[in-house]
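Visitor: I am new to this structure and would like a friendly tour. Could you show it to me before we talk?

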Amino acid sequence: MMAFLPFLAALLVSLGAAYARVRLLPWSIATAVAIVAVGIVAGSSTWAIAIPLVLLALVAVPLNLPDFRRRKLSAPLLAMFQKVTPQLSPTEQIALDAGTVGFEGELFSGKPDWKKLLAQPKPELSVEEQAFLDGPCEELCAMVNDWQITHELADLPPEIWEFLKKNKFFGMIIPKEYGGLDFSALTQSAVLQKLMGISGSLSSTVGVPNSLGPGELLMHYGTQEQRDYYLPRLADGREIPCFALTGPYAGSDATSIPDYGIVCKGEWNGANVLGVRLTFDKRYITLAPVATLFGLAFRMHDPEHLLGDVEDIGITLALLPHDTKGLEYGRRHFPLNAAFQNGPVRGKDVFVPLSQLIGGEAMAGQGWRMLVECLSIGRGITLPSNAAGAVKAGVVASGAYARIRKQFGIAIGRFEGVEEALARIGGYSYAISALSKASAAAVDRGEKPSVPSAIAKYHATELGREVAKDIMDVHGGKGVQLGPNNYAGRGWQTAPIAITVEGANIMTRSLMIFGQGAIRCHPYVLREMESLKLTDYREKLKAFDAALFGHVGFAISNAVRSFVLGLVFGKIGNVPGDAYTKRYYRKLNRYAAALALVADTSMLVLGGKLKFKEKLSARLGDVLSNLYIASAMLKRYEDQGRPVLDQPLLAWAFHDCVYRMQNALDGVLRNFPVRPVAWVLRALVFPFGRREVPPSDRLGHRIAAILCTPGEARDRLAEWVYLTPNPNNSIGRMNALLPDVIAAEPVERKFLKAAKAGELAGYDYDAQLADAEAKGVLSTAERALLARVRAAAFEFISVDDFDPAELAAGKRAKPSSSSLRSVA
């Protein structure tokens, strides 16, 4: 037995070094010292000490001699790597270069540095920004009648359009020097959330000009002349912008757009100038029917070489004023009964000068880079913010309604089936709002969060759709019957819209999140690939060697960390947090290591084929996404001062994330095509099998209670929701009634007990109340309270009805693809 102790010492030291990510030379020295020390103390024979030392030397010495290692090991591997590594297309390379890496890189490392997360500044609004939210934004919400917008006008009323322009809602992102508001991304998010709670059509109308579009593109790439002219007009609403990208043959695959422009000479403002003659067919373009300035993406060609030797110049972006000859617009799509302006844009042989290219002639062919550099910002703010605003309003509405609505003599919020739905509404709302705030904060820190924005867009809209379903289930028939008093139905109808825009969710999940994250966030893969681009062989070999052996150590460390943390169920490690959250950080350490291990192995074994294994890629992306969401929730909890009352919300949402991560990893391993590799990975990742469970019923009960009762936790969850109880805001009025409903409950129980005992005369409620007061069952104040609450509650449990003529369409629609407004 003594003979094996030096071997055992070498193994344990190596495992410990791998777990702690000790560098190569210190590991070699520490292992050698351990072999000798343990051998001497244990009285092992000379051979028992010498053999492990020789084996160690055979491995460690070549690895610690850089020149030898590069010649004998790295050079042959470099030759193999060059043959098997798939070449990135120019568009893929641009997409990778466009984004920056934030905390998602730490999660992908397998050993997150939580101090970096907690060191990020707390997202907060400035005094000016809060004043806008409390002033113009509040005033705007008071003007909104969503039934009028969605059913009667199918548009915002003129006074709201004017208010938006006058108060620069379309210029939130434009710098003050151009007349804009120059608000932070967090403020944009707050404004959109507040508007979304009162009208999705309004929020979408405001969101688009402040997202990817002419304003954003001009600020980054426009010529000084273009910025000086257009940005002030966009800021004050003289120009209504839209951006035309998607067409019938190119949706998520934006690089394949068939719309084209031919470089030629033509007439513009009475002069013969060099420009492009455009032919295009676009659809789903928000604000297009009312736009005055059209951004357009097209592929630019120069067959006569008027600009140079290149014929296919590439994707280019142009600005078309609404009166451009040949531009066709004006007809509308009808996206699931939403009233925001959305429609097609077409043109054939539409001429614009080169001065109308965004950035001028110098930026011709740079359109794809321009788009991907700006897409992540819009994707990470507008859609997650709208989702957050919708679910937060749903929290307030569903909690209040579940307390107001009675069945079998008790509030429906006390039924366990309803509690289950309320738990999902509260838990997912906590997750979505944390995710949305994290995305906005990343933009405000100057990041270009390509991977986090894809995570935020996909998961905020998907979870938002789940919340919309649960809101409908809680409200039952109240949510089904559309009308002025239905605040839930439009949200349910329009939930799929966000799923399809800014890259359809199926594509975002299966191609973007892990596809970009695996390369962009990995600490070594991109470095290995970039080393192949070096022309000097010595420099190439040196760079490849450093990346390769760093990668090898990284992989070994993650295998050890995944196995060890799996053995102890993620219950060890030095982490931040309080006594309540330390276990959560440790749990994330475990799944970060598991993701890094499985992702690395997948890329090694499957290579370029992994790109086409979309289901595996999607599941790996789910793990990364839920790690990111859970991190955002922990950051939110810390930023808000670790509120004890929020712990049930954090716990429910966190356990849901972890359960999803476990199932996603299990899905990868069950479907991994190389089965022996899958068996080894399963032993390392799940040494005791799958042990994570969904959030408990006890947690769900506590969340339902939070939603149904006024309090600090509920208020924090409803941050930025418009709650002023005006005539057009049913949710605000219902929320204002909730304290009286709760105060009336013990009185109501006393009254119902007497009624069931047959002590009260009368057939209707009012008569029984009067008798209860007369007989001393209720005091005068108690009777008045019950009467007032019942009368007020009747509005919220009632549904709308109409004369048949009121629902008849005024004119039969005439679907057409040809009768757009044309500027001749």
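Guide: Helices (H or I, at least four residues) and strands (E, at least two) are DSSP runs, numbered from the N terminus. This is a predicted model, in which local features need pLDDT of at least 70 and side-chain atom pairs count only at pLDDT 80 or more, while totals for chains, interfaces and linings use all residues. Residues are numbered from 1 along each chain as its sequence is written, and side-chain values use heavy atoms, with hydrogens and water left out.

Visitor: Ala154 has a positive phi although it is not a glycine; is it buried or exposed, or partly exposed?
Guide: Ala154 sits in the loop between α10 (146-153) and α11 (158-166), and its phi is about 55 degrees. Buried means under 20% relative accessible area, exposed over 50%, and partly exposed in between (1.4 Å probe, protein chains only). With a relative accessible area of 26%, Ala154 is therefore partly exposed.

Visitor: And what is the relative accessible area of Leu287?
Guide: Leu287 belongs to the loop between β3 (271-286) and β4 (293-301). Its phi is also positive, near 75 degrees, in a residue other than glycine. Leu287 is buried, because its relative accessible area is 0%.

Visitor: How many residues of α25 are buried?
Guide: Helix α25 (residues 614-639) has 26 residues and reaches 36 Å from its first C-alpha to its last. That is close to the 38 Å expected at 1.5 Å a residue, where the expected span is 1.5 Å times one less than the number of residues. After α25 comes Gly641, with a positive phi near 85 degrees. The helix is mostly covered, and its buried residues number 23 of 26.

Visitor: Is α26 roughly parallel or antiparallel to α27?
Guide: Axes are lines fitted to C-alpha atoms, for helices over the stretch in contact, and angles run from 0 to 180 degrees between N-to-C directions. Helix α26 (residues 647-671) and helix α27 (residues 675-685) pack at about 150 degrees, with their axes 8 Å apart. Angles under 35 degrees count as roughly parallel, over 145 as roughly antiparallel, 65 to 115 as roughly perpendicular and the rest as oblique. So α26 and α27 are roughly antiparallel.

Visitor: Which residues of α27 does α26 meet?
Guide: Contact means heavy atoms within 4.5 Å. From α26 come Leu665, Asp666, Leu669, Arg670 and Asn671. Their partners in α27 are Arg675, Ala678, Leu681, Arg682 and Val685.

Visitor: Which residues does Gln493 contact, leaving aside its neighbours within four places in sequence?
Guide: Gln493 is found in helix α20 and, at 24% relative accessibility, counts as partly exposed. The buried residues of this helix (residues 489-500) are Gly489, Arg490, Ala495, Ile497 and Ile499, and they pack against α10, α18 (450-475), α19 (477-480) and α21. Gln493 itself is in contact with Leu336, Asn337 and Leu482.
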